[in-house]
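The sequence and structure come first.

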Amino acid sequence: MKFIANGPDVPEKLIREHEEGNVVFFCGAGISIPAGMPSFEALVNELCEKFGEECPPGPPDQILDRLEHTKARNFRPSLYEFLKIKRNAIVDTHIALTKLATDSRDNSIRLVTTNFDHLFEKAYKTLKRKHEFYAAPVLPPPKKSKWDGIVYLHGLLPSIKKEKDLSKLVITSGDFGLAYLTEMWASRFVSELFRNFSVCFVGYSLSDPVMRYMTDAISADRMYGEKLPDLWAFVSEDKNSSETLENWRARGIQPILYSHLNNHQALHETLKVWANLHMDGANGKEMIIAKYAGLDPLEKTPDDFVGRVLWALADPSCKPAK
């Protein structure tokens, strides 16, 4: 179903699972770019430039690991400066995701991010709501009965620039190795999360280091016969879109393709509209009926109102249908 004209076609099963409280949104660097934060690749380039180093080819987490070993004293403090959020940062997408991550039945929230910034905190202040948060390596059991809050899987930027706190951030290949392979607290959380919830990735590409570790965990569980809930990812289209889609599917994740034009506007607008409809409940679906039900269903339009009308009619309360 398309929530906006020419937007991504969100699978019906994902929408249904979300309404039943079974979906966890897993958020990456892409959602923070409109707020002025760098992508992982851009962060690597900025750090290399700051230290006067030529950025070598290779996975960004490995490049950062080499930088930390050569610039140990200044590496984490410099990282802190690049990751501080701006006062006028736009958090519309973060607000939308906090709404989508809220279970309307008990007002609990379950969301995971590998970002270090405080943009979700700013979003909550904007909404004038309080919530719990968990920063690595202290993580909650990913179960409905025991989890209510935002999980910062790779750590949260400390409010004060202290080396001890900055060292907890998972950003270099050495950090990833500890979190996923040696101490394994991140891989344990992720594996249990994938067993208990359907997961929707937002703001990632397959080249992101975190996706490499995530998909390895998924493959390992499936290799041992583990039947996992569905996994989805919003994927930006490119000139090799068909190959990109196949690569996501090969990793066990169902891609939801969207246009990258206008700084990924189709994705951000879809999340906002979906979030507002989710918070409005049956009333939001009644508005869809009022707006579209009188139109000719055979009329071809990029708005895809037919899908929205059918979704609204299927509301368990029967109010939109009535």
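## Nonpolar cores

Phe-234 is in contact with Pro-8, Val-10, Cys-200, Phe-201, Val-202, Tyr-204, Ile-256, Tyr-258, Leu-267, Leu-271 and Trp-274, leaving aside residues up to four places away in sequence. The model is a predicted one. Phe-234 belongs to the largest nonpolar core, a set of 38 residues, and is listed with Phe-25 and Trp-274 as having the most contacts inside it. Helix 12 (residues 261-280) gives the most to this core, namely 5 residues.

There is also a second, separate core, with 33 residues. Among its members are Leu-193, Phe-194, Met-211 and Leu-228. In soluble globular proteins, nonpolar side chains tend to be buried together.

## Helix 6

Helix 6 spans residues 119-127, and its buried residues are Leu-119, Phe-120, Glu-121, Ala-123 and Tyr-124. The partners against which these buried residues pack are helix 5 (92-100), strand 1 (23-27), strand 2 (110-113), strand 3 and strand 4. Just after helix 6, Lys-128 has a positive phi of about 55°.

## Helix 1

Which residues of helix 1 (residues 12-19) are buried? They are Leu-14, Ile-15, Glu-17 and His-18. These residues lie on the same side of helix 1, because the arc they cover around the axis is only 165°. An α-helix has 3.6 residues a turn, so residues three or four places apart point the same way.

Just after helix 1 comes Gly-21, with a positive phi of about 80°.

## Helix 3 and helix 8

Two packed helices are described by the angle between their axes and the distance between the axes. For helix 3 (residues 60-70) and helix 8 (residues 173-182), the axes come within 7 Å and the crossing angle is roughly 110°. Helix 3 is therefore roughly perpendicular to helix 8.

On the helix 3 side, the contact involves Asp-61, Gln-62 and Asp-65; on the helix 8 side, Ser-173, Gly-174 and Phe-176. Sorted by class, this contact has 3 polar, 2 charged and 1 nonpolar residues.

## Lys-143

Lys-143 sits in the loop between strand 3 (133-135) and strand 4 (149-152).

Leaving aside residues up to four places away in sequence, Lys-143 touches Glu-192, Asn-196 and Phe-197. His-154 is 11 residues from Lys-143 in sequence, and their C-alpha atoms are 19 Å apart in space.

Definitions and conventions. Residues numbered from 1 in each chain as written. Predicted model: local features only at pLDDT ≥ 70, side-chain atom pairs only at ≥ 80, totals over all residues. Heavy atoms only, no water. Axes fitted to C-alpha atoms, helices over the stretch in contact; angles between N-to-C directions. Helix = DSSP H or I, 4+ residues; strand = E, 2+ residues; numbered from the N terminus. Parallel < 35°, antiparallel > 145°, perpendicular 65-115°, else oblique. Contact = heavy atoms within 4.5 Å. Nonpolar A, V, L, I, M, F, W, Y, C, P; charged D, E, K, R; others polar. Buried < 20%, exposed > 50% of the residue type's maximum accessible area, 1.4 Å probe, protein only. Arc of directions from axis to C-beta. Core = buried A, V, L, I, M, F, W, Y, C linked by side-chain atoms within 4.5 Å.
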